[in-house]
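User: Please take a close look at the packing in this structure and at the backbone around it. Give the cut-offs as you go, in one connected account.

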Amino acid sequence: MSLALSGCVVVHGEREILPTATPEEARGALREFTDAYNAADKAYDRSLDEDLVTGAFGDMDGARLKARNANHPEGNSRHEPLQLTDARYTIPAKAGWPRWFLADAAANKGGDARWMVVFVKEHKKEPWQAAYLTLLDPDDVPEFRKDEDGHAEPALGGAPLAVSPSALSKEYTAYLGQGGDAFAEGPHTSVVREQRKKNEKRPGLVRQFQDEPLSRGDYAPLGLRTADGGALVFFATKHFEKLTAAPGTEIPVQNADVRALTTGEIEQTLTMEYVSQQAVRVPRTGKVVFLSRVPGLVAARGE
């Protein structure tokens with residue numbers, strides 16, 4: 001699906017600006033997703049929610065369930081159903097497909113954090129799918145810009161932002177490798193770079209990192225304009241971490257979930273593939289501020 005935020009995209013010949021969902025549709029989508037998510041988590045069976053997830057979150061959720069099923073084929077003995085309450089829906093108005101909206105809710109997990117779920121739908125006959133899911137501190141949930149009918153404004157066109165939403169994935173992966181001044185310092189930016197430098201070389205072990213943008217199709221960024229003129233944007237990235245052991249030494253023992261997702265034999269190297277979803281505040285001018293970053297292992301290869 002194409003969710004580009006760099007301009008207003010007209011799909012299937014539809015040009016009229018319309019709400020992307022009705023309140024009833026939004027409530028139904030959240031309810032159906034929660035039911036499927038709970039069923040999949042209880043059984044550790046990715047087939048039970050795979051039709052209702054997509055993109056970065058879909059990759060991470062599917063890999064988690066695959067690994068847990070391999071290690072616990074009997075299911076999740078510690079399953080506690082996720083309960084979402086006090087749900088709020090931010091529904092933008094836009095032309096054409098795909099359509100999408102943001103749901104944020106309180107939950108019985110994650111303390112006081114708000115569960116932020118971005119739903120997308122490419123065609124009328126397809127189900128709503130969760131493309132991004134992350135937790136935010138209530139103070140980090142911004143006030144969104146809305147029209148007189150209460151509909152939000154997508155981060156499409158309009159006044160320029162410090163970084164275009166469509167460029168965030170590429171800018172962030174470049175920053176991790178080369179540095180730069182587009183992002184504010186913090187645990188998801190400068191600290192990550194510092195940790196990587198410390199871990200690159202240790203006695204008998206070399207770590208190499210490679211970062212790739214994810215910004216097309218199911219992984220395209222989604223953003224909403226905020227009342228202050230900026231935007232809240234969700235975007236995805238892909239990351240590889242390669243461990244190479246010196247002759248006569250071994251790769252550190254990995255946990256059961258990593259082993260379940262690993263193909264090949266771990267002899268001298270282990271390459272781990274992660275997908276990560278981010279939520280950031282993008283100002284009109286200044287530095288992009290990270291509100292959340294959730295990486296998840298999706299595959300690994302031993303050699």
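Analyst: Not counting residues up to four places away in sequence, Val-118 touches Trp-100, Phe-101, Leu-102, Gln-129, Ala-130, Ala-131, Tyr-132, Leu-222 and Phe-234, where contact means heavy atoms within 4.5 Å. This is a predicted model, in which local features need pLDDT of at least 70 and side-chain atom pairs count only at pLDDT 80 or more, while totals for chains, interfaces and linings use all residues. Residues are numbered from 1 along each chain as its sequence is written, and side-chain values use heavy atoms, with hydrogens and water left out.

Val-118 is one of the residues with the most contacts inside the largest nonpolar core, together with Leu-102, Tyr-132, Phe-234 and Met-272; that core has 35 residues. A nonpolar core is a set of buried Ala, Val, Leu, Ile, Met, Phe, Trp, Tyr and Cys residues joined through side-chain atoms within 4.5 Å. Buried stands for under 20% relative accessible area, exposed for over 50%, and partly exposed for values in between (1.4 Å probe, protein chains only). Strand β10 (residues 231-245) supplies the largest share of this core, 5 residues. Helices (H or I, at least four residues) and strands (E, at least two) are DSSP runs numbered from the N terminus. A second, separate core holds 21 residues, including Phe-33, Leu-82, Ile-91 and Ala-107. In soluble globular proteins, nonpolar side chains tend to be buried together.

The axes of α1 (residues 23-43) and α2 come within 9 Å and cross at roughly 25°; axes are lines fitted to C-alpha atoms, for helices over the stretch in contact, with angles from 0 to 180 degrees between N-to-C directions. From α1 the contact uses Phe-33, Tyr-37, Ala-40, Asp-41 and Ala-43, and from α2 Phe-57, Asp-61, Arg-64, Leu-65 and Asn-69. By class this contact has 6 nonpolar, 1 polar and 3 charged residues, with Ala, Val, Leu, Ile, Met, Phe, Trp, Tyr, Cys and Pro counted as nonpolar, Asp, Glu, Lys and Arg as charged, and the others, Gly among them, as polar.

Asp-41 has a further partner in His-79, as a polar contact of 2.8 Å joins their side chains. Such a contact is a pair of N or O atoms within 3.5 Å; within protein, one must be able to donate a hydrogen and the other to accept it, and residues adjacent in sequence count only if both atoms are side-chain atoms. His-79 lies in the loop between α2 (55-71) and β2 (84-90) and is buried, with a relative accessible area of 19%. Leaving aside its neighbours within four places in sequence, His-79 contacts Asn-38, Asp-41 and Lys-42.

Some backbone details remain. Tyr-44, in the loop between α1 and α2, has phi near 50°, a positive value in a residue other than glycine; at 8% relative accessibility, Tyr-44 counts as buried. Asp-86, not a glycine, likewise has a positive phi of about 50°; Asp-86 is in strand β2 and counts as exposed at 52%. The peptide bond from Trp-97 to Pro-98 is cis, with omega near 0°, and Pro-98 is in the loop between β3 (93-95) and β4 (99-107).
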